[in-house]
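Trainee: I am new to this structure and would like to know what the words used for it rest on. Can we take them one at a time?

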Amino acid sequence: MTEVLDLPLREQATAVAVGEADTGDLLEAAVARIAERNPAVNAIVETFPEQSRRMLSEAPRGPLFGVPLAIKDEWPLPWRAERLGAAQHIGSPTRPGESGPYLALRDAGAVIVGVANMHEYGAGSTGHLSAFGASRNPWDTSRCPGGSSSGPGAAVAARLVGGAVGADGVGSIRYPAAYCGLTGLKPTFGRSTMRGHHVPQTTTIVSGPLCRDAADCRILGGVLCGEVLASGDVRGLRIGVVRGDLWEDCRPEVIQACRSAVDALEEATAGTVREVDFEGRQHVRIASILIGQTEELGNITPERVGALGDEVSLVARALLRYRLLIPAVAISKSQLVRTLVRRSLAELFARVDVLAWPTVPAPAPPLDNPTVELPSGAYPADYANPRQAGIANLAGVPAISVPVGRSAEGLPVGLQLMAAWGRDELLLDAAEALEEASGRQWVDAVPPIARDSQTSPV
Amino acid sequence: MTAGGGLSEGFQGEGGTAAGRYVRAGLELLGLRTDEAELAVIEAADGLYRPLVEALTEAELDGIEPEPGEDLSRPPRRLEER
């Protein structure tokens, strides 16, 4: 049954549907795979075989019937409250319950086989901090898997599961997708289910899929959105590239791989590439961070922050304090930047179908020193990454990260595509065109930790 | 943000930089005890983010057409569409 577990999500579902795979065997194989392989990547922080078996026994014959999946430690399950990768919760108390992603998976017939690790409080793009210990990148276990959906990324890349549910508030699905060589979709704001999330007032966070390729994201994303994300015609794709630091302040191998991918996408779709720009770009990074980092402050008090003990990381204790000192004028101006960017993007998306630039400016940094060397200098990855990804959350538009190459160290490189509101399907179409154009070499690549059970290309 | 490092004069004592005094006084006003290690992390973060916050604070953003009733799942509407 392990060979079925190595199949893409959709092929696992098909194997079950046509009777080639037994759902009970598949579940037990997934549990065994996690027990065997997870210690090396720390992607899954909790399994619950009894609840998983119960889910399976009650599963309807939906599109993911009998398929094992993982869910980020950001949503409650009926048998488990979310912990947000943290030793102490700081907002309103969490409790077990039927979150939107849980209900969507359940109703699709899927089986939740484990809760996936995440960056502590969701406040980081690396995944190197968690009360459960850092998740590790399956391509190099000394490297960051990306965050905050670190466990979903590492779990799918390590072939523990065929897909996982993440969340994206300032790029938190797309960073692990880029670092781990996966495809990760951040849906249009409000399109995917967020019921039961601990920040119900959010204007930035969405649930979304992390999978091996776009076709799998289409299925899992459709389940989370409650609608079919249908394929369309991507011929004549109008691609916009924004010159400046989004492209140029990146590691050379990232620039090269992403440029080649844009060229390939242009050719594959008989499309066009043109240089474009949008207003407010210089403030996007700080505006997206400030809005994302202050949305949940309404549920936080100085007393709660002061009560955090040593089991919470030093970085989290310090930065939660710092968050309480953010000037109101900066938050208010961030909202104006958001309006400016939204209006500018709306005009831009009348002239181009997608915008393209690297998802992250450098491949996965080391866990013990998560900084990246860029042409402009060395920075913490958490500082560098939101410049690339924050705009989608700020504006509400959908975005996707697609694997397009490998660095000299053998680490994945991701290209990000964004589209207008509601055009999530177009991103999946474009990602599939890109996969075909590259002969699927990047989406079918298998990280070292998963090669012992695979015969796929490496 | 993971940059750490030792405390500089900016965040030490009464005579530090304005940013250091702002942070220390702000935390004190909030009643938050903060140790030196935490202050070092805050200082490192402040060194990165304060220039961005200041640039944003000083930006002239007059004339942006507002978006009352903003719906982030859709493109912005023009005022006359309300």
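Mentor: Start with one pair of residues: A:Ser401 stands opposite A:Gln416 in E13(A). Keep in mind that the model is predicted.

Trainee: What makes E12(A) and E13(A) a pair of strands?

Mentor: Pairing needs at least two DSSP bridges between two strands. E12(A) is joined to strand E13 (residues 412–419) of chain A by 7 bridges, so the two count as paired, and they run antiparallel. In their hairpin, 5 residues lie between the strands, and A:Gly410 there has a positive phi near 85 degrees.

Trainee: How do you know that E5 of chain A also pairs with E12(A)?

Mentor: By the same test of at least two bridges. Strand E5 (residues 183–186) of chain A and E12(A) have 3 bridges in the antiparallel sense, so they pass. In this pairing A:Lys186 stands opposite A:Ala399 in E12(A).

Trainee: Why is strand E12 of chain A called mostly covered?

Mentor: A residue counts as buried if 20 or more other C-beta atoms lie within 10 Å of its own. In E12 (residues 399–406) of chain A, 7 of the 8 residues are buried, and therefore the strand is called mostly covered.

Trainee: How much of chain B is buried?

Mentor: Of its 82 residues, 24% count as buried. Chain B has 2 helices and 0 strands. Among its contacts with a separation of 6 or more, 57% are between residues 24 or more positions apart.

Trainee: What makes two residues of chains A and B count as touching, and how many do?

Mentor: The cut-off is C-beta atoms within 7 Å. On that basis 39 residues of chain A are in contact with 33 residues of chain B. H14(A) gives the most to the chain A side, with 10 residues. That side divides into 23 nonpolar, 8 polar and 8 charged residues.

Trainee: What makes a set of residues a nonpolar core, and which members touch the most others in the largest one?

Mentor: The members must be buried residues of listed nonpolar types, joined through C-beta atoms within 7 Å. The largest such core has 166 residues, of which A:Leu69, A:Ala155, A:Val354, A:Leu417 and A:Ala430 touch the most other members. H15(A) gives the most to this core, with 8 residues.

Trainee: Which residues does A:Ala155 touch?

Mentor: Leaving out residues up to four places away in sequence, A:Ala155 touches A:Ala43, A:Ile44, A:Ala70, A:Ala116, A:Leu160, A:Val161 and A:Ala164.

Definitions and conventions. Residues numbered from 1 in each chain as written. Chains lettered and ligands numbered in written order. Predicted model: local features only at pLDDT ≥ 70, side-chain atom pairs only at ≥ 80, totals over all residues. Helix = DSSP H or I, 4+ residues; strand = E, 2+ residues; numbered from the N terminus. Nonpolar A, V, L, I, M, F, W, Y, C, P; charged D, E, K, R; others polar. Buried ≥ 20, exposed ≤ 12 C-beta atoms within 10 Å, placed from the backbone.
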